[in-house]
Amino acid sequence: MKKFVSTTLAFALVFPIAAFAQGTLKVGTVDMQRAFKEYGKTKDAEAKINDAKNSAKKEYDDRAESYKKALDEINNLNKQLDAPALSADAKSQKAKERDDKIANIKNMEREINEFRQTRERQLQEQAMRMREGIVKEALASTAFRF
């Protein structure tokens, strides 16, 4: 057993030295980040992700605009409630309307936050799946064979 281990060790040391002496030992490095960025399908995938991000941003902006309008309506109702010429019935009706809008705006806040978190997570997962697919395909292709 000792003889086998020492023989194997000797071969392991001799072959690289012999290969180096013959000039056939070649070592190379690959910048995987650069190779990934320059791989053709990477740009297509980035474009798809950017489109999805832009779509999510537009939807978020639309929701934020609706939120801002609802907030402006609440502020307008508060100003109306401060008017001294308003009757007691009108004041109670405006106060109820304002309270309903406040409840609505709280729901909007929750929905906007949930939307943002969900879409960010979805976009990250989509980007990771695309990257993994590209890396697998690139490594399997002849472009990255050594």
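Mentor: Read along the sequence, the pattern of the protein chain is α-α-α-α. Helices here are DSSP runs of H or I with at least four residues, strands are runs of E with at least two, and both are numbered from the N terminus. This is a predicted model, so local features need pLDDT of at least 70 and side-chain atom pairs pLDDT 80 or more, while totals for chains, interfaces and linings use all residues. Residues are numbered from 1 along each chain as its sequence is written, and side-chain values use heavy atoms, without hydrogens and water.

Trainee: How many strands are in the protein chain?
Mentor: There are 0 strands and 4 helices.

Trainee: What should α3 span?
Mentor: Helix α3 covers residues 40-81, 42 residues, and should span 62 Å; the expected span is 1.5 Å times one less than the number of residues. Its end C-alpha atoms are 62 Å apart, which agrees.

Trainee: Which residues in α3 are buried?
Mentor: Among them are Thr-42, Ala-45, Ile-49, Ala-52 and Ala-56. Buried means under 20% relative accessible area, exposed over 50%, and partly exposed in between, with a 1.4 Å probe and protein chains only. An α-helix has 3.6 residues a turn, so residues three or four places apart point the same way.

Trainee: What share of the protein chain is buried?
Mentor: Buried residues are 14% of the 146.

Trainee: New topic: where is Arg-131?
Mentor: Arg-131 sits in helix α4, residues 88-140. Arg-131 has a relative accessible area of 44%, so it counts as partly exposed.

Trainee: What separates the C-alpha atoms of Arg-131 and Lys-41?
Mentor: A distance of 9.7 Å, with the two residues 90 apart along the chain.
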